[in-house]
Each structure stands twice: as structure tokens, then as C-alpha cells.
Amino acid sequence: MTIKITKCPTCGSDKIRKVRRNWKGSYQGRVYVVPALEYYDCPQCGEEVYDRDAMRKIETYSPAYPKPRAASAR
């Protein structure tokens, strides 16, 4: 799902833009990077808005979400 935002939902600025950046997050002291994440960034107030695809990509890289284990061969 992609969204198109033309005004910042926090400050109302029309300067909000879609960007693609390496995004840093942290979970329980562990820093991780999500490469080439697309999201909206407002230079006026710093608000960041993520669509469903961006959130799924963050979840893929975040240590907060356990990764499924591969089935072991018997």
C-alpha cells in the first residue's frame, strides 16, 4: 500500500517529501539499520510517516520481531 502525502499531519507544512534513506532504529540498546527505506519526511518539524511497506521492511530488520526458524531436517 502506498500513500501520497502532500501536507505534514503534524505541522501542516507542504514541504513534506518522500525520501529514500538508510534508516536507523534501536531496540533494547541494539542499533540496526534498514537500508534504502522509503518514507515521508517533514523538514519543518521532523515528522516521519511510514506506509505499510515501510513498516514491513522495518519489521524485517528489527530485532524486536523474532525471525521464523528454519525447519530442521529429521
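**Reading a predicted chain**

User: What radius of gyration does the protein chain have in this predicted model, against that of a compact globule of 74 residues?
Analyst: This is a predicted model. A compact globule of 74 residues would come out near 11 Å. The radius of gyration of the protein chain is 16 Å.

User: What does the C-alpha trace of the protein chain span along its principal axes?
Analyst: The span is given along the principal axes. For the C-alpha trace, the values are about 60 × 30 × 20 Å.

User: In what order do the elements of the protein chain run from the N terminus on?
Analyst: The secondary structure comes to one helix and three strands. From the N terminus on, the order is β-β-β-α.

User: Is I3 buried, partly exposed or exposed?
Analyst: I3 lies in the segment before β1 (17–27). Its relative accessibility is 26%. Buried means under 20%, and exposed means over 50%. At 26%, therefore, I3 counts as partly exposed.

User: Which residues does I3 touch, not counting those up to four places away in sequence?
Analyst: Residues up to four places away in sequence are left out. The contacts of I3 are then Y40, V49 and D51.

User: How far apart in space are I3 and R56, C-alpha to C-alpha?
Analyst: In sequence, I3 and R56 are 53 residues apart. In space, their C-alpha to C-alpha distance is 15 Å.

User: How far apart are the mean positions of the positive and negative charges of the protein chain?
Analyst: The protein chain has 15 positive and 8 negative charges. Their mean positions are separated by 6 Å.

Key
Residues are numbered from 1 along each chain as its sequence is written. This is a predicted model: local features need pLDDT of at least 70, side-chain atom pairs count only at pLDDT 80 or more; totals for chains, interfaces and linings use all residues. Side-chain values use heavy atoms; hydrogens and water are left out. Helices (H or I, at least four residues) and strands (E, at least two) are DSSP runs, numbered from the N terminus. Buried means under 20% relative accessible area, exposed over 50%, partly exposed in between (1.4 Å probe, protein chains only). Contact means heavy atoms within 4.5 Å. The radius of gyration is taken over C-alpha atoms; the globule rule is 2.2 Å times the number of residues to the power 0.38. Lys and Arg count as positive and Asp and Glu as negative; His and the chain ends are not counted. The place of a charge is taken as NZ of Lys, CZ of Arg, CG of Asp or CD of Glu.
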